[in-house]
Amino acid sequence: MDPFLRATVIAGNYDFQDVLVAPIRCSLRLSDMTSEEISDMFLVVQKVQCVMEKIHQSASSSIVVQDGKDAGQTIKHVHVHILPRKPKDFLHNDYIYAELQKQNQEDINWRSEEEMAKEANLIKEYLKH
């Protein structure tokens, strides 16, 4: 099955590089998804991770799913964060999770719609090849 039938890529809006992959059918939790949807979503995650690492000249990534309110999920739709990482990009490696928790605060240095669209188009171009 073509993974793009059940998942989509969204450029994140943080001041660090973040891309989201989400299933097309709205599901609150991973446990609400079919095995085919989960498989497709993570096949897309794998492809997008490789693209993001090329674009951002990175050799590592954090792949994050916040599944449920107590895990930090603030959007009522399953999504996977793909964050290319570089040495010492955060003082302590796990500080990235604190940054993700700030997503609903207004004082964040949000990326513009134009920046996100540009990155999404760049990712699409890489995925065509």
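Of the 129 residues in the protein chain, 39% are buried, where buried stands for under 20% relative accessible area, exposed for over 50% and partly exposed for what lies in between, computed with a 1.4 Å probe on protein chains only. The model is a predicted one, in which local features need pLDDT of at least 70 and side-chain atom pairs count only at pLDDT 80 or more, while totals for chains, interfaces and linings use all residues. Residues are numbered from 1 along each chain as its sequence is written, and side-chain values use heavy atoms, with hydrogens and water left out.

The protein chain holds 3 helices and 4 strands, taken as DSSP runs numbered from the N terminus, with H or I over at least four residues for helices and E over at least two for strands. Along the sequence they follow the pattern β-β-α-β-β-α-α.

Helix 1 (residues 35-55) has 21 residues and reaches 30 Å from its first C-alpha to its last, close to the 30 Å expected at 1.5 Å a residue, the expected span being 1.5 Å times one less than the number of residues. Its buried residues include Val-44, Val-48, Val-51 and Met-52.

Helix 3 (residues 113-128) has 16 residues that should span 22 Å, and its end C-alpha atoms are 23 Å apart, which agrees. Buried in helix 3 are Met-116, Glu-119, Ala-120 and Ile-123. These residues cover an arc of only 100° around the axis, which puts them on the same side of helix 3; the arc is that of the directions from the helix axis to the C-beta atoms. The face turned away from this buried side carries the exposed residues Glu-114, Lys-118 and Lys-128.

How do these two helices meet? Helix 1 and helix 3 pack at an angle of about 110°, with their axes 10 Å apart. That makes helix 1 roughly perpendicular to helix 3, a term for angles of 65 to 115 degrees. In contact terms (heavy atoms within 4.5 Å), Lys-47, Val-48, Val-51, Met-52, Lys-54 and Ile-55 in helix 1 meet Glu-119, Leu-122, Ile-123, Tyr-126 and Leu-127 in helix 3.

Two loop residues deserve a look as well. Most residues other than glycine have a negative phi. Gln-57, however, has a positive phi near 50°; Gln-57 lies in the loop between helix 1 and strand 3 (60-64) and is exposed, with a relative accessible area of 68%. Lys-88 also has a positive phi, near 60°, and sits in the loop between strand 4 (80-85) and helix 2 (95-101), where Lys-88 counts as exposed at 82% relative accessibility.

Definitions and conventions: Axes fitted to C-alpha atoms, helices over the stretch in contact; angles between N-to-C directions. Parallel < 35°, antiparallel > 145°, perpendicular 65-115°, else oblique.
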